[in-house]
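Please look over the model below together with its sequence, and then read the points that follow, which are grouped by topic.

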Amino acid sequence: MSKLSIQNLTFTYADGAMALRDINLAVVPNELFVILGPSRSGKTTLLRLLNRLSDLIEGTQRQGTVLFSGQDIFSDGTDVIDLRRRISMVFAVPTPLPGTIYDNLTYGLKMAGIKDKMTLDERAERSLRQAALWDEVKDRLNDSAFALSGGQKQRLCLARSLALEPEVILLDNPTSGLDPISTSIVEESLYQLKQQYTIIMVPHSVQQASRVADRVAFFLDGEIVEIGDQTDIFIHPQDQRTEDYVTGRFG
């Protein structure tokens, strides 16, 4: 059974611009699914739809269905707060909360009603280990989160999401602006994370997509051009537009 099934999904902004047109794709559990494409191809719009951040944009129109573990995320009975815990999103620009590193990791847990100190400590440590950050900050948990480097802040934001024990992680260009070492650390952590989570990622580059993806969907002008595994997309693409994009001839 698919973890997420997107069926005939179309999304239009208030100005009439159609960001997504008749999208159909399925993401299976424990895969790293990459959404690849040029700017304004609908990648981030799709991520925001999957945990209903799109609800915050006025005047939009949506047709189609998104099933999460078989349930329609747009049904009237959907608990949107719970949905956003179960489908968590990490943005391109890291945004730590005011307060300490520990505060960042436990804020969401406390808002969810978890008060036990041992549980909070365990969740904080586990999420930092999963985000490959524990060894760097284990003696600094009471320091300000703003004192971290850019790469560390991004991994903290990932750890903050992991602390809530989501089922799906949405990553919107999570290594944008990071140095090569920090990028490598984030990418390496993804191999471990997909053993426990389903990951949908908009990558920083074609090269990054080729390194981390299990499957790839190539988007262009709000439509899916091609879906396939690494070999399908990066070595034997079926559509000329896909080949032009992954080989750098697009334009």
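In this predicted model, the buried residues of helix 1 are Lys-43, Thr-45, Leu-46, Leu-47, Leu-49 and Leu-50. Helix 1 spans residues 43–50, and because six of its eight residues are buried, it is largely enclosed by the rest of the structure.

**Around helix 1**
- Just after helix 1 comes Arg-52, whose phi is positive at about 65 degrees.
- Lys-43, one of the buried residues of helix 1, is also among the residues in contact with Leu-36 once neighbours within four places in sequence are left aside.

**Nonpolar cores**
- The largest nonpolar core has 43 residues, and the members that touch the most others are Val-34, Leu-36 and Leu-128.
- Helix 6 (residues 150–163) supplies the largest share of this core, namely six residues.
- Apart from this core lies another, of 29 residues, which includes Leu-9, Ile-23, Val-27 and Ile-73.
- Beyond its neighbours within four places in sequence, Leu-36 has contacts that include Pro-203, Val-206, Ala-209, Phe-218, Phe-219, Phe-234 and Tyr-245.

**Aromatic rings**
- The structure contains two aromatic pairs.
- Phe-11 and Tyr-13 form an edge-to-face pair, because their planes stand at 90 degrees, with the ring centres 5.2 Å apart.
- Within this pair, Phe-11 counts as buried at 2% relative accessibility, whereas Tyr-13, with a relative accessible area of 27%, is partly exposed.
- Arg-62 lies over the face of Phe-74, at 3.7 Å from the centre of the ring.

Conventions:
Residues numbered from 1 in each chain as written. Predicted model: local features only at pLDDT ≥ 70, side-chain atom pairs only at ≥ 80, totals over all residues. Heavy atoms only, no water. Core = buried A, V, L, I, M, F, W, Y, C linked by side-chain atoms within 4.5 Å. Buried < 20%, exposed > 50% of the residue type's maximum accessible area, 1.4 Å probe, protein only. Helix = DSSP H or I, 4+ residues; strand = E, 2+ residues; numbered from the N terminus. Contact = heavy atoms within 4.5 Å. Phe/Tyr/Trp six-rings, centres within 6.5 Å; stacked < 30°, edge-to-face > 60°. Lys NZ or Arg CZ within 6 Å of the ring centre and 35° of its normal.
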